[in-house]
Amino acid sequence: MSKKQEKAEVRRPEPTITAQKHWIVYSAPAGLIAAGLILFLQDDTTFKIFGGVIAAAGLIWAISKANEKWHLTDQHLVMEKGVFSKKKHEISVHDIYQASAEHHKLSKYFRMGNVRTRRRADECSGFNHSFITNHEEFSKAIEHRVKKHATAHSLNQVYELKEKGAISSKEYDLIKLGHVTQQFLSKL
């Protein structure tokens with residue numbers, strides 16, 4: 001089988017849920033675009049140039065907001081960001097320690113909020129995605145996946161012990177290594 005055929009056969013799972021941006025994130029970029037167009041329509045060349053730059057900045061800002069996406073599959077949380085060069089991060093659901101939905105200050109007027117995740121990995125505390133319309137539903141979906149994939153002696157519980165100071169970092173690393181080894185051997 002050629003490499004092209006192998007790549008064609010490798011399929012990414014479809015997202016089960018996608019975090020949807022609230023329309024309010026586009027209001028500030030739309031204001032910039034409108035201000036830029038008003039300046040652009042003036043007779044003075046300086047205003048035209050300045051207006052064009054402002055409108056272009058607003059357009060790029062709106063496109064960048066539209067390209068911030070979080071997708072959840074059965075196994076991964078996929079985060080996409082970027083306008084010209086897409087940056088894509090995939091985090092295994094096994095690495096997520098906790099997900100929470102937080103209401104935004106404007107939540108009493110608009111139905112939106114933030115989604116925060118915490119990771120077990122020591123090198124990264126977690127991720128935040130703001131101004132989401134379905135923040136509670138998305139957070140619950142992440143929590144459901146985390147609980148679904150957790151084992152009886154999950155690393156989440158061991159991580160909590162480490163955070164509380166009940167076990168040392170060295171002990172945590174040994175338990176984590178044993179857990180990863182056990183998962184690897186069970187797949188053979």
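The legends below describe close-up views of a predicted model.

**View 1. The largest nonpolar core of the model.** This core has 16 residues. Those with the most contacts inside the core are Trp70, Leu72, Leu77, Ile96, Val115, Phe138 and Ile142. At least two core residues each are supplied by β2 (69-72), β3 (76-81), β5 (96-103) and α4 (135-149). Helix α4 gives the largest share, 4 residues.

**View 2. The surroundings of Val115, and a separate core.** Val115 is among the residues with the most contacts inside the largest nonpolar core. Leaving aside residues up to four places away in sequence, Val115 touches Trp70, Ser100, Phe127, Asn128, His129, Ile132, His135, Phe138 and Ile142. Another core, of 5 residues, lies apart from the largest one. Tyr97, Val158, Tyr159 and Tyr172 are among the residues of this other core.

**View 3. Helix α3, residues 45-66.** The helix has 22 residues. From its first C-alpha to its last, α3 reaches 31 Å, close to the 32 Å expected at 1.5 Å a residue. Its buried residues are Gly51, Ile54, Ala55, Gly58, Ala62 and Lys65. Seen down the axis of α3, these buried residues fall within an arc of 100 degrees, so they line one face of the helix. The buried residues of α3 pack against α2 (27-40). On the face turned away from the buried side, α3 carries the exposed residues Thr45, Thr46, Ile49 and Val53.

**View 4. The open sheet of 3 strands, in the order β5-β6-β7.** Pairing in this sheet is antiparallel. Strands β5 and β7 (126-132) are the edge strands, and each pairs on one side only. On average, and with direction ignored, neighbouring strands of the sheet are turned by 15 degrees against each other.

View 5. Strand β6 (residues 113-119) pairs with β7 in the antiparallel sense over 5 bridges. Arg118 has Gly126, in β7, as its bridge partner. Helix α5 (residues 155-164) packs on the sheet and touches β5 and β6. The direction of α5 makes about 75 degrees with that of β5.

Conventions
Residues numbered from 1 in each chain as written. Predicted model: local features only at pLDDT ≥ 70, side-chain atom pairs only at ≥ 80, totals over all residues. Heavy atoms only, no water. Core = buried A, V, L, I, M, F, W, Y, C linked by side-chain atoms within 4.5 Å. Buried < 20%, exposed > 50% of the residue type's maximum accessible area, 1.4 Å probe, protein only. Contact = heavy atoms within 4.5 Å. Expected span 1.5 Å × (residues − 1). Arc of directions from axis to C-beta. Pairing = 2+ DSSP bridges. Axes fitted to C-alpha atoms, helices over the stretch in contact; angles between N-to-C directions.
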